[in-house]
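Good morning, and thank you for coming.

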Amino acid sequence: KSFFSELCQHHISGQLKVAPEHVNDNVLYYMRKSTHQVYEKFAQEYREINKKLEKKQYLVPYYISGHPGADLQAAIDVALYLKKTGFVPDQVQDFYPTPGSLSTCMYYTGLDPRTIEKVYVPRSPRERRLQRALLQFNKKENRALVQEALEKAGRRDLLPVLR
């Protein structure tokens, strides 16, 4: 806590960029990241410290679409979380395989190398576009893609929510 307070008091100039990358714990497992609850606890502590310091400083989270393990429902989870928190991401990174990573191994083999179990991998360019559009559901140009993604996932009930 003393490090965190020091960081907030002296080393942030208004925004702290962080990489929770996803909100779905299954996808976070494949990313080898902590659960979403860990990020939530971090964000709450950040807000509390800044309130105590009387500083207006913001967290700017970074998200990835199309990672191995992420299906349309996982992208919907992110969209609903973004809607709930009111955060509008300017940028979302599409997952692209990079040499030497476990995620790349999963992408090419469709297997988790730690367990040799099958992993869902969104491979089609269309599904990857749908996932990305869900993470940026607020953009006017994504409306048709968001509608298509929700229909494909059997979640037409969310159409009014994600507008």
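First, the conventions. This is a predicted model, in which local features need pLDDT of at least 70 and side-chain atom pairs count only at pLDDT 80 or more, while totals for chains, interfaces and linings use all residues. Residues are numbered from 1 along each chain as its sequence is written, and side-chain values use heavy atoms, with hydrogens and water left out.

The protein chain contains seven helices and five strands; here helices (H or I, at least four residues) and strands (E, at least two) are DSSP runs, numbered from the N terminus. Along the sequence, their order is α-β-α-α-β-α-β-α-β-β-α-α. Taken along the principal axes, the C-alpha atoms fill a box of roughly 45 × 40 × 20 Å.

Of the 163 residues in the protein chain, 44% are buried. Buried means under 20% relative accessible area, exposed over 50%, and partly exposed in between, with a 1.4 Å probe and protein chains only. A contact requires heavy atoms within 4.5 Å. Among contacts between residues at least 6 apart in sequence, 65% join residues at least 24 apart.

The accessible surface is about 9,700 Å², and carbon and sulfur atoms account for 52% of that area. These areas come from the Shrake-Rupley method with a 1.4 Å probe; for residues, only the protein chains shown count as cover.

As for charge, the mean positions of the 26 positive and 18 negative charges lie 3 Å apart. Lys and Arg count as positive and Asp and Glu as negative, without His and the chain ends; each charge is placed at NZ of Lys, CZ of Arg, CG of Asp or CD of Glu.

Now to the individual residues. Is Asp112 buried or exposed? Asp112 counts as buried because its relative accessibility is 2%. Asp112 belongs to strand 4, residues 111–112. Leaving aside residues up to four places away in sequence, Asp112 touches Tyr29, Tyr30, Met106, Glu117 and Val119.

Most residues other than glycine have a negative phi. Glu54, however, has a positive phi near 55°. Glu54 sits in the loop between helix 3 (36–53) and strand 2 (58–65), and counts as exposed because its relative accessibility is 74%.

Ile116 is not a glycine either, yet its phi is positive, at about 60°. Ile116 lies in the loop that runs between strand 4 and strand 5 (117–118). With a relative accessible area of 57%, Ile116 is exposed.
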